[in-house]
Amino acid sequence: MSTDPTSTDTVKARLQSDLTAAMKARDEVALSTIRMLRSAISNAEVAGDTAAELSDDEVIAVLQSEAKKRAESAAVYEEAGRTELAAKERAELEIVERYLPAAMSDDELEAIVDEEVANAAAGGAEGGRAMGMVIKAVRERAGASADGARIAALVKSKLTG
């Protein structure tokens with residue numbers, strides 16, 4: 001790892017220090033979840049043609065993917081009546097969410113979408129033809145604080161509504 005040990009502001013550095021804390025506290029759920037997250041990040045770093053150190057934004061994208069997996073698994077287990085497994089997935093999800101940026105509020109996201117829809121309309125793009133352009137612009141502005149599905153649904157409602 002080429003992370004500066006004096007810097008604790010990167011997500012990977014936080015994961016490492018929290019892993020140590022979880023070991024000392026004998027917190028098995030946190031320990032296994034953080035290990036799983038570090039493994040997912042390592043796998044992402046070596047995926048592809050060449051190994052590369054992930055930026056914080058790329059690490060957050062990996063963590064968001066892991067959070068989504070936990071939420072989906074919990075829902076599947078709930079539907080199947082496996083409440084103990086659903087509770088385990090939700091506990092892991094709670095730990096993963098500690099490392100994700102705070103979600104953007106609906107009002108903040110809606111304001112960005114409204115601005116980008118107006119920009120697209122000013123550029124002559126309206127309705128379904130503007131959707132891809134508006135979604136891309138909103139994702140760039142919202143960054144990791146808004147889920148892509150949430151953005152797409154809101155943009156679609158604004159453009160077709």
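Q: How many residues does helix α7 have, and how far does α7 reach from its first C-alpha to its last?
A: This is a predicted model, in which local features need pLDDT of at least 70 and side-chain atom pairs count only at pLDDT 80 or more, while totals for chains, interfaces and linings use all residues. Residues are numbered from 1 along each chain as its sequence is written, and side-chain values use heavy atoms, with hydrogens and water left out. Helices (H or I, at least four residues) and strands (E, at least two) are DSSP runs, numbered from the N terminus. The expected span of a helix is 1.5 Å times one less than its number of residues. Helix α7, residues 148-160, has 13 residues and reaches 18 Å, close to the 18 Å expected.

Q: Which residues of α7 are buried?
A: Buried means under 20% relative accessible area, exposed over 50%, and partly exposed in between (1.4 Å probe, protein chains only). In α7 the buried residues are Gly148, Ile151, Leu154, Val155 and Leu159. These residues lie on the same side of α7 because they cover an arc of only 135° around the axis. The arc is that of the directions from the helix axis to the C-beta atoms. On the other side of α7, Ala149, Ala153 and Thr160 are exposed.

Q: Against which helices do the buried residues of α7 pack?
A: Packing is read from contacts, where contact means heavy atoms within 4.5 Å. The buried residues of α7 pack against α5 (106-122) and α6 (131-142).

Q: What span should the 17 residues of α5 have?
A: The 17 residues of α5 should span 24 Å at 1.5 Å a residue, and this agrees with its end C-alpha atoms, which are 24 Å apart. Buried in α5 are Leu109, Ile112, Val113, Glu116, Val117 and Ala120. Seen down the axis, these buried residues fall within an arc of 135°, so they line one face of α5. The face turned away from that buried side carries the exposed residues Asp107 and Ala122. The buried residues of α5 pack against α6 and α7. Just after α5, Gly124 takes a positive phi of about 90°.

Q: Which residues does Leu109 contact, leaving aside neighbours within four places in sequence?
A: Leu109 lies in helix α5 and counts as buried at 1% relative accessibility. With those neighbours set aside, Leu109 is in contact with Met104, Val138, Ala142, Ala146, Arg150, Ile151 and Leu154.

Q: With which side chain does the side chain of Lys12 make a polar contact?
A: A polar contact is a pair of N or O atoms within 3.5 Å; within protein, one must be able to donate a hydrogen and the other to accept it, and residues adjacent in sequence count only if both atoms are side-chain atoms. Lys12 has its place in helix α1 (residues 11-25) and counts as buried at 6% relative accessibility. Its side chain makes a polar contact with the side chain of Glu45, at 2.6 Å.

Q: How far apart in space are Tyr77 and Glu89?
A: Tyr77 and Glu89 are twelve residues apart in sequence and 8.8 Å apart in space, C-alpha to C-alpha. Tyr77 is in helix α3 and is partly exposed, with a relative accessible area of 27%. Glu89 is found in helix α4 and counts as buried at 12% relative accessibility. Not counting residues up to four places away in sequence, Tyr77 touches Arg82, Leu85, Ala86 and Glu89. With neighbours within four places in sequence left aside, Glu89 is in contact with Arg70, Ser73, Ala74 and Tyr77.

Q: What is the phi of Arg26, and where is Arg26 found?
A: Phi of Arg26 is near 55°, a positive value in a residue other than glycine. Arg26 is found in the loop between α1 and α2 (28-46) and is exposed, with a relative accessible area of 69%.

Q: How much space lies in the largest pocket?
A: Rolling a probe the size of a water molecule over the atoms shows where empty space is left. On a 1 Å grid over the protein atoms alone, a cavity is a set of points where a 1.4 Å probe fits but cannot get out, and a pocket is an open set with protein on both sides within 12 Å along at least five of seven lines; lining residues have an atom within 4 Å of a point. Grid points are joined across faces, edges and corners, and a volume is the space filled by probe spheres set on the points. The largest pocket holds about 510 Å³ of space. Among the 21 residues that line the largest pocket, Gln64, Ala144, Ala146, Asp147 and Gly148 are the closest to its centre. The largest share of the lining, seven residues, comes from α3.
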